Amino acid sequence: MQLADIVSLDRVRADALVPFNHRVIGDRFLVSNDLGDHLFLTGDEMRRFVEGAALPGDGLHERLAAANLVARAVDTKAQADRWRRKRAYLFYGPTLHAFVLTHRCNHGCQYCHSSIVGMDRTDTDMSVETAERAVDLTFQTTSPGVTIEFQGGEPLANWEVLQHVVEYARQKNALIGKALSFSLVSNLSLLDDDKLDYLVDRKVQLCTSLDGPADLHDRVRVFKGGSSHALATGWMRKINERYAKEGLDPNLYRVEALPTITRPALSRWKEIVDEYVSLGCRAVFLRKLDPFGFAAKSAKTLGYSMDDYLEFYVRAVDYILDLNKRGVQVMERHAAIMLSKVLKDEEPNYLDLRTPGGACIGQIGYAPDGAIYSSDEGRFVAAMGDDMFKIGTVADSYVELMTNAQTRALVMAGVNDGQPDCVTCVYKPWCGQQTEYNYKTQGSLQGRMRDSNWCKKHKSIFDYLMGKLERGDPDEVAILQRWTTHRVLDHFLQARGPI
Ligand code: SF4
């Protein structure tokens, strides 16, 4: 079914309509405007819509008007307010500040993105002086909320500096009063009871990697000191018990674990989901292998096509839906983020799916030597010998970092409205760009969405979800609606006043 098959151009009443895009989903047309209002229309409804033939009282006109698709009926002031709410992130600086505390790591994960070195290379640790300067810059952001995320290498390897950053940032925040939180991305193998006591006491959120069942995880996440899987899952259980002892709601407060999907994982979608469910996880983020760093070198054994990934994704999410129908509460994160945008009219500020993308103005990354990158992915590109995404150093001022030529170029390149394919895409109001991915896979910051795997992945997941919504199975729609429930983890927010 094509629009051109059911209406001729000379009948289109452009003056009666707001700008919209469309795509055939199932038996109907999905229509969306720039703010994400959307409707499914039959062929006849679509014809009447574009010919301006829907009339007050016929039901269709009322549906179109309620979806802000009829020009005369649009409340422009309300729409402007809505735009401002949904684009709130444009009115302030970066929220996510990734501190790479060291390049050292005790694992040898085959897909590792970062330029890891052996545990004796303490010369690759971030120094206290660099860390303090990075915290000073972090607090200059105009964002009312700040997350300092500890990364590596294995960030626990530079434990003293991690603690110093927490204490220094808490002291600064006692005066500045931002919504400050910390998170630690760790393989957990260097954790011990004393460190856990400190992290729990200082409300540092914990996040780890878990690729699925033991054999799958340990095959890729190589650890000479034993089973990485046993260590990670052992600590996950212990930390979750600790949260419960602290009186935190066990439905909400759990270690966040993330899988990276490799070729050996493709046929094991059910076991991966089951592993997460058995550990009490409420969400699985089925992340495709990135094209950065060591992952590119391991492509022959770990890599796969986007079609393979999408087949895996659909099987896994169908299975997750099935589990939900049987009363198991678990969701898939990509789907939950997209559905929040589509069904709840929310903007969760997920940095990979917003416009402009998160590079520089949503997140920045601080390397151990004080270099500052547009994002995590920006430093992964640097680890491969290309400083395209280096926007400065901790010696620069915040204003220089936010306004220099590199930053402006990266932000401009990450705007959907600057992409020839995106401007006519029905998913534009909910989609986004990552300039680092474009650059790495297609050689330019803008890329070409027509043959981009980034676009293919997001368009296909949107198609899958919209197909579910179009079919309208009441049980599935209720589950998908439930996945949009977003509860703030306010326990992890630091006190705003004196400490
Ligand atoms: S990246 Fe692809 S799916 Fe996303 S808005 Fe652009 S054309 Fe559409």
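Helices (H or I, at least four residues) and strands (E, at least two) are DSSP runs, numbered from the N terminus. The model on screen is predicted: local features need pLDDT of at least 70, side-chain atom pairs count only at pLDDT 80 or more, and totals for chains, interfaces and linings use all residues. Residues are numbered from 1 along each chain as its sequence is written, and side-chain values use heavy atoms, with hydrogens and water left out.

**Stop 1**

Select Asn349, which is found in the loop between helix 14 and strand 13. Its phi is positive, about 55°, although Asn349 is not a glycine. Now select Asp345, found in the loop between helix 14 and strand 13. The phi of Asp345 is near 55°, again a positive value in a residue other than glycine. Is Asp345 buried or exposed? With 18% relative accessibility, Asp345 counts as buried; buried means under 20% relative accessible area, exposed over 50%, and partly exposed in between (1.4 Å probe, protein chains only).

Move on to Pro356, which lies in the loop between helix 14 and strand 13. The peptide bond that runs from Thr355 to Pro356 is cis, and its omega is near -10°. Another cis peptide bond joins Gly152 and Gly153, with omega about 20°. Gly153 sits in the loop between strand 5 (145-151) and helix 6 (159-176).

**Stop 2: aromatic pairs**

A pair of aromatic rings is described by the distance of the centres and the angle of the planes. Here, rings of Phe, Tyr and Trp (its six-membered ring) pair if their centres lie within 6.5 Å; planes under 30 degrees apart count as stacked, over 60 as edge-to-face and the rest as tilted. How many aromatic pairs does the structure hold? There are 17 aromatic pairs.

Select Tyr243 and Phe492: their ring centres are 6.1 Å apart and their planes are at 70°, so the pair is edge-to-face. Tyr243 belongs to helix 9 (residues 228-245) and Phe492 to the segment after helix 20 (474-482), so this pair ties together parts that are 249 residues apart in sequence. Tyr243 has 2% relative accessibility and counts as buried; Phe492, at 4%, counts as buried.

Next, show Phe285 and Tyr350. This aromatic pair is tilted, with 6.1 Å centre to centre and 50° between the planes. Phe285 is in the loop between strand 10 (283-284) and strand 11 (287-288), and Tyr350 is in the loop between helix 14 (333-344) and strand 13 (363-366), so the pair ties together parts that are 65 residues apart in sequence. Phe285 counts as buried at 11% relative accessibility, whereas Tyr350 counts as partly exposed at 23%.

Then select Phe99, Phe150, Phe182 and Tyr366, which ring pairs link into a cluster. For a charge over a ring, show Lys195 and Trp159. Lys195 lies over the face of Trp159, at 5.6 Å from the ring centre; the rule is that NZ of Lys or CZ of Arg is within 6 Å of the ring centre and within 35 degrees of the ring normal.

**Stop 3: the nonpolar cores**

A nonpolar core is a set of buried Ala, Val, Leu, Ile, Met, Phe, Trp, Tyr and Cys residues joined through side-chain atoms within 4.5 Å. Which residues touch the most other members of the largest core? Of its 120 residues, they are Phe99, Phe150 and Trp483. Helix 13 (residues 306-325) gives the most to this core, with 11 residues. Apart from it lies another core of 19 residues, among them Val7, Met46, Val50 and Ala54.

Keep Phe99 selected and show its contacts (heavy atoms within 4.5 Å). Beyond its neighbours within four places in sequence, Phe99 is in contact with residues including Met126, Ala131, Ile148, Phe150 and Tyr366.

**Stop 4: around the ligand**

Select the residues around the ligand: Asp421, Cys422, Cys425, Lys428, Cys431, Gln433, Met449, Cys455 and Lys459. A residue is near a molecule if one of its heavy atoms lies within 4 Å of it. The shell divides into five nonpolar, one polar and three charged residues. Ala, Val, Leu, Ile, Met, Phe, Trp, Tyr, Cys and Pro count as nonpolar, Asp, Glu, Lys and Arg as charged, and the others, Gly among them, as polar.

**Stop 5: two single residues**

Asn173 is in helix 6 and is buried, with a relative accessible area of 0%. Leaving aside neighbours within four places in sequence, Asn173 is in contact with Phe139, Lys178, Leu180, Ala495 and Arg496.

Finish at Gln329, in the loop between helix 13 and strand 12 (331-332). Gln329 counts as partly exposed at 41% relative accessibility.
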